[in-house]
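Colleague: I would like a close look at a single part of this model. Please take the pocket, then say what else can be read from the fold.

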Amino acid sequence: MKAAVMREYERPLELVDLPTPEPRRPDEVLVRIGGAGVCATDLHAIDGLMGQAGVSLPRVLGHENAGWVQEAGDLVSTVAPGDAVIVYPPYSCGLCLHCRRGHDMHCVRHQFTGLSVDGGFAEHVVVAERSLIKLPDGVTPEEIAPHADAGLTAYHAVRRVAHQLLPGAPRS
């Protein structure tokens, strides 16, 4: 498969041929990328500013991804080959205390697609089923891909203040 790889900081990404990744666990899914947005975080990674976020070289960047399920592990039940999906970039286990409290960004097994594990600046990416959201009919991967991050930012902002939007809630 073709992939844009960051081999060195402060250098252009290199378009190279890599083996197509394969799901290794029964809960993993191979996604054929149909859209990948470029985020300021990708540019910061290229500039060498994302080491604390887990970026190591070489890395396939890209965390704003959407596409189609190409292959699904035996335990995958929410998506099937051919389904259009958006990839939720933070990987979380769903089992640790942080995940169970709804704070998946603080997961003890936290990874981030396109930063700490290879991302969607490639023809394919492997992710856990937990990281996929099936797209409704009429929504295409190329139009929705940037919302994997931009939409999350807005969602997290609203989530932080949602308790203040209830009738009778104190205002700060």
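How many residues line the largest pocket, and which of them lie nearest its centre?

Modeller: The model is a predicted one. In it, 22 residues line the largest pocket. Those nearest the centre of this pocket are Glu28, Val117, Asp118, Val126 and Val127. The space in the largest pocket comes to about 520 Å³. Strand β9, which spans residues 124–128, contributes the most to the lining, giving 5 residues. Sorted by class, the lining of the largest pocket holds 11 nonpolar residues, together with 6 charged and 5 polar ones.

Strand β1, residues 2–6, runs antiparallel to β2 and is joined to it by 4 bridges. In one of these pairings, Ala4 has Leu15 of β2 as its bridge partner.

Leaving aside residues up to four places away in sequence, Leu152 touches Tyr88, Pro89, Pro90 and His147. Between Leu152 and Ser56 there are 24 Å in space, C-alpha to C-alpha, and the two are 96 residues apart in sequence.

Technical notes: Residues numbered from 1 in each chain as written. Predicted model: local features only at pLDDT ≥ 70, side-chain atom pairs only at ≥ 80, totals over all residues. Heavy atoms only, no water. Pairing = 2+ DSSP bridges. Helix = DSSP H or I, 4+ residues; strand = E, 2+ residues; numbered from the N terminus. Contact = heavy atoms within 4.5 Å. 1 Å grid on protein atoms, 1.4 Å probe; cavity = no way out; pocket = protein on both sides within 12 Å on 5 of 7 lines; lining within 4 Å. Points joined across faces, edges and corners; volume = space filled by probe spheres on them. Nonpolar A, V, L, I, M, F, W, Y, C, P; charged D, E, K, R; others polar.
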